[in-house]
Amino acid sequence: MTLLNDDFLLGNETAKTLFHDYAAKMPIIDFHCHLNPQEIYENKNYPNITRIWLNEGTYGDHYKWRLMRANGVDEKYITGDGDEYKKFVEWAKTIENSYGNPLYEWTHLELRRFFHIDEELTEESAPRIWDKANELLQTDAFKPRNLIKNSNVQVVCTTDDPASNLRYHKLLKREEASSGFKTLPAMRPDKLIQIDRDGFADYLKTLSAVSQVPINSFADIIKALHQRFEFFNEMGGRLSDHSLLTYHFNEASEDELNEIVNKGVQNKLLSQIEIDKYLTMLLENLMKLNTEFNWTMQFHINSNRDLNRPMFDKIGPDTGYDAVGTQPDIVDHITKLYTKMQDTNDVPKTIFYSLNNNDWMQLATMMGCFQGGTVQKLQLGAGWWFNDTAEGMDNQLRIFAQESLLPHFVGMLTDSRSFLSYPRHEYFRRVLCNFYGKLAEQGRVPNNIEKLGQIVQDISYNNAHDYFGFLKD
């Protein structure tokens, strides 16, 4: 079989028909990514493929960096100041050894879909691909906004700190009509959650200044957050996102919270119980705010970050030194949180992602206890990060289908820093069509192409359109 041919990942005729005739043509709503809104606004061409593929703008692709380290590449040619052509060659040498890794497939999908390069990337082909790709990168079609628009993307939701002034979102909003897509903020309050980190006091000062709410207590933090929800909502924001590496449900009184916040401000050592109490009460209030503004709350849980401390100290976070988390009872504690908030009818629309797929069945069954009020109010999110593979996607679809209503699923997101990541939606849609194709061919669902076609179109686009309401304004 030809590499990445028209029918790759499609194992039967039903799957092929579902993808080619129904799913492939649907637009994209990218409701969670890490694109930089400044780069979208400035809309500058990238000088070469290394810059857009390996070290993109203010970010880098830590997925690729991990593989390059495993291939013995010197750090100089990964995150260092090595020659950019040499970095590309080292990536080509790495990709030659990556059969079976999703990056092998993503890499060649991106070469085909954006650059129309059908050649396999190898050390030998690297010079030809470098020249052709770099020539194309200087054209208008490869400016960030056109890469988004030409990928049939209607909405991009970036990841933004509550204290952000959303300057570039404001500028992009003025040019929305000519861009052909919306760029919307999504709130991620990591710095507010990390009360035990250095800089918490300075962050509260920043949040206070931008919200114009003096912060002297826990209640003031929530008041400032409310103002930021109002501002983000006016800018089209409809989601928040919350990273919980670990979590333990533990409530606290107002006096306890004020004492804990005061210790955080003074950078005093906090016990794990104090951190848990602060985080629990912060999450309860965030759930209330998401409910009040009719937002969707996303939880990314059970990851283990920055394991290589010397490299973290040298080059910082999000550089490829993370792993799957192993807190076995994390869903138990999230269940306690949701049980508490159900008492006051403050359970918002929610999407759960866990890096540890051992949590998926528990999450899928737990969310069934809090449904109601809207279609598929709680969702098991797409396979995340290390699970962003054909097998991981198929496993997530199977669990969602068996424990809830998969036809209501809001589907795929890129979760990426790269403007070239949109073929991941194609990849997901192929896996989705193959999933339903197998069920039909096995006689487990009616082989009704029109009905199955509607389902895969809904999961590809329509459900996200209706669930988030980005395009209703």
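Predicted model: local features only at pLDDT ≥ 70, side-chain atom pairs only at ≥ 80, totals over all residues.

Q: Okay. Which domains is the protein divided into?
A: Domain 1 covers 13-45 + 151-468, and domain 2 covers 46-142. Taken over C-alpha atoms, the centres of domain 1 and domain 2 are 28 Å apart.

Q: How many residues of each domain are in contact with the other?
A: On the domain 1 side there are 28 residues, and they are in contact with 28 residues of domain 2.

Q: And how much area is buried between domain 1 and domain 2?
A: About 2,600 Å². Carbon and sulfur atoms give 54% of that area.

Q: Which three residues supply more than any others of the area that domain 1 buries?
A: Those are N45, R417 and L420. They supply 28% of the area that domain 1 buries against domain 2.

Q: How many salt bridges does the rule find across that interface?
A: It finds 1 salt bridge across the interface of domain 1 and domain 2.

Q: Let's look at R113. What does R113 form a salt bridge with?
A: Its partner is E426, and the closest N and O atoms are 2.8 Å apart.

Q: How many salt bridges does the structure hold?
A: There are 22 salt bridges in the structure.

Q: Show me another one. What about R51?
A: R51 forms a salt bridge with E84, and here the closest N and O atoms are 2.5 Å apart. R51 lies in helix 3 (residues 49-53) and E84 in helix 5 (residues 84-95), so this pair ties together parts that are 33 residues apart in sequence.

Q: How accessible are R51 and E84?
A: R51 has a relative accessible area of 31%, which makes it partly exposed. E84 is partly exposed too, at 24% relative accessibility.

Q: One more pair, please. What does E274 team up with?
A: E274 forms a salt bridge with K263, with 3.2 Å between the closest N and O atoms. E274 is in helix 15 (residues 272-292) and K263 is in helix 14 (residues 254-265), so the pair ties together parts 11 residues apart in sequence. Both E274 and K263 are buried.

Q: Which residues do shared partners join into one network?
A: Salt bridges that share partners join D7, E13 and K16 into one network.

Q: Which strands does strand 8 pair with?
A: Its partners include strand 5 (residues 296-301), which pairs with strand 8 in the parallel sense over 6 bridges. In that pairing, T296 stands opposite K349 in strand 8. Strand 8 also pairs with strand 9 (residues 378-380) in the parallel sense, over 3 bridges. There, F352 stands opposite L380 in strand 9.

Q: And what do strand 8, helix 18 and strand 9 make?
A: Together with helix 18 (residues 360-367), strands 8 and 9 make a right-handed β-α-β unit.

Conventions: Residues numbered from 1 in each chain as written. Heavy atoms only, no water. Pairing = 2+ DSSP bridges. Helix = DSSP H or I, 4+ residues; strand = E, 2+ residues; numbered from the N terminus. Right-handed = clockwise from strand over helix to strand, strands pointing away. Domains from an automatic or database assignment. Contact = heavy atoms within 4.5 Å. Buried area = accessible area lost by both parts, 1.4 Å probe. Salt bridge = Lys/Arg side-chain N within 4 Å of Asp/Glu carboxyl O. Buried < 20%, exposed > 50% of the residue type's maximum accessible area, 1.4 Å probe, protein only.
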